[in-house]
Amino acid sequence: MTATLPAPAHDRPARRARRGTRTGVPWLALAVLLAFALAVAWPGALAPQDPFAENIAQRLSPPSTAHLFGTDELGRDLFSRVVHGARASLLTALGALGFAIGLGLLIGLPAGYLGGATDRVLMAAVDVLLALPSLLISLIVVSGLGTGRANLALAVGLASVPALARVTRAEVLRISTQPFVEAAHGYGLSRPRILLRHVLPHSRGPILALAALELATMVLSVSALSFLGYGAQPPDPEWGTLIAAGRSYFATSWWLTALPGAVLAVVVLALHRAGRALGATEVRPV
Amino acid sequence: MNTRPPRSAAAHVLRRCAHFAVVLFAVYTVSFFLLYALPGDPVALMLERRSAGAGGGTPEQLAALRARYGLDDPLPQRYLSTLGALLTGDLGTSFQSGRPVPELLAAVAPGTLALAGAALVLAVPFSLALALLTSHRPGSPAHRILVNVPALLAAVPAFWLALLLVQVFSFGLGWFPSAGGEGLPGLVLPAVSLALPVSAALTAVLVRGLDDVQRAGFVALLRARGLPWRRVYLAHVARNALLPFVTLTGLTVGGVLAGTVITETVFARAGLGRLLASSVETQDAPVVLAIAVLAALVFAAVNLLTDLLLPLLDPRLRHRTDGARA
């Protein structure tokens, strides 16, 4: 990271502290995320080959210039399948994020703003979700709702609701004591209006930062649950499903498991980087 | 402030125990309604599986089974009767196999306990060593490189990491069996692949703690008085930074519990995680409910234990809780 102003030599601790709290624009991570956004919106632009076209003569061929990631047991181009799989994997994770943010706001905003008994009841409900590891929550939901991508999104999203609700509540508590909120009260604005137009916009920074990190976790959870067989069904390409399918051949064809997993790790790293650039510091332990 | 320490300490323990019971009850309630109140007919699914897709059962068979499992009773009544059964230690009967749930759990529990124990034994010292090594010289090139290791480990899908380990150490080098191995050699790869993602989070938190403590004034004072850095680091910095690690070890147990689902599937080991995965697939609600409540019991018990232990380890917390609760 290059500093715009030359810092004096004796200023090292201060400079180090600054570097720890604020990071520059993560151009590389942004470029990676843009590439994945393109893969979701228009996979044909990145991978012109048909992800479903079988070519038995070319089955299980290792990575080459013709097949960047090699081919699978039916001779389908793995790179195409990974690029087209981005839609299933990432859209499911985005759906989960949408659900988690929605429910998180629905719980966190009234809890922080109204306080008192409302706050205690809502936070106690959220704490119940924290009493189970997040993967277990997702598994229970999948078990109740059945498999499929939409159910998977709900299952994964629910596991992130506690974190988002807690951050929202903490932010609302912090913003609500600011003088401008008091001024809005003085003008006689209604409480929902103050909450949505004045408090919420000022809380969005930490919520967005956490959302980036949670999205990374969700991408991992969606792929893990798909790997277990609860998500997209073959032949639809999805990253976890691709890795699960590659297991049958992975003694001889390493690329079938290794390369989709590497792509998955790149997305997660880019999202972590973006989250840190937005100011997130928390790493969830489980 | 500290006039009646014994009584307030007892009150603190009681409060925590009550909280523990409430959490368990709530987990049961939430799990029960998620599993039973949602659409999906487990009995039809069960008959279809048992007859291997040969068209399910007759309506009479369905009705008889529904009656046997009490699925015709209204939901609140089933909620209460299941709760009562759980409290007397009756975990119910599996929809899928028709066998009692405790029997199913007991058959596979030893494998999971061995795996989880081995993973914890690997993860805790490994994260300790890696964190101490990383934070030894803040700002040094070693720190800048090593600090990325936990972040990288946390970004990698756990099931993929397990598969890579198999590829390298089992197919490539031939050191360990790839799946289902017996005894210690068969335990190494599953334990390592379960331990690595867990130690990522542990290490990250510990490194942050160590880095923070090093900026404290007393460290500068000790250094100014001429203590060798190694002594300051190990005896003073590490000791102060270790406390969050104790809390996190509790959370680590939760991570290990959840991780067994993936690890046991990848390595085709019989265990609670794999039983859970297959029960989720067949919507075998009694088994899923039993495992969820059991997992919550272990998870909450470990957290309760660390909560109660922490004031014994850290006098500052002791005074604070006494003051707040008295």
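B:Ala268 sits in the loop that runs between helix H12 (243–266) and helix H13 (272–281) of chain B, where helices are DSSP runs of H or I with at least four residues, numbered from the N terminus. This is a predicted model, in which local features need pLDDT of at least 70 and side-chain atom pairs count only at pLDDT 80 or more, whereas totals for chains, interfaces and linings use all residues. Residues are numbered from 1 along each chain as its sequence is written, and chains are lettered from A in the order in which they are written.

**Exercise 1.** Determine whether B:Ala268 is buried or exposed.

*Solution.* Begin with the backbone: phi of B:Ala268 is near 50°, a positive value in a residue other than glycine. Next apply the cut-offs, by which a residue is buried if 20 or more other C-beta atoms, placed from the backbone, lie within 10 Å of its own, exposed if 12 or fewer, and partly exposed in between. Because B:Ala268 has 12 C-beta neighbours inside 10 Å, it counts as exposed.

**Exercise 2.** Determine whether B:Gln283 is buried or exposed.

*Solution.* First locate B:Gln283, which lies in the loop between H13 and helix H14 (285–313) of chain B. Then note its phi, which is positive at about 50° although the residue is not a glycine. Finally, B:Gln283 has 24 other C-beta atoms within 10 Å and is therefore buried.

**Exercise 3.** Identify the residues with the most contacts inside the largest nonpolar core.

*Solution.* A nonpolar core joins buried Ala, Val, Leu, Ile, Met, Phe, Trp, Tyr and Cys residues through C-beta atoms within 7 Å. The largest has 151 residues, and those with the most contacts inside it are A:Val219, B:Phe159, B:Val288 and B:Ala292.

Technical notes: Helix = DSSP H or I, 4+ residues; strand = E, 2+ residues; numbered from the N terminus.
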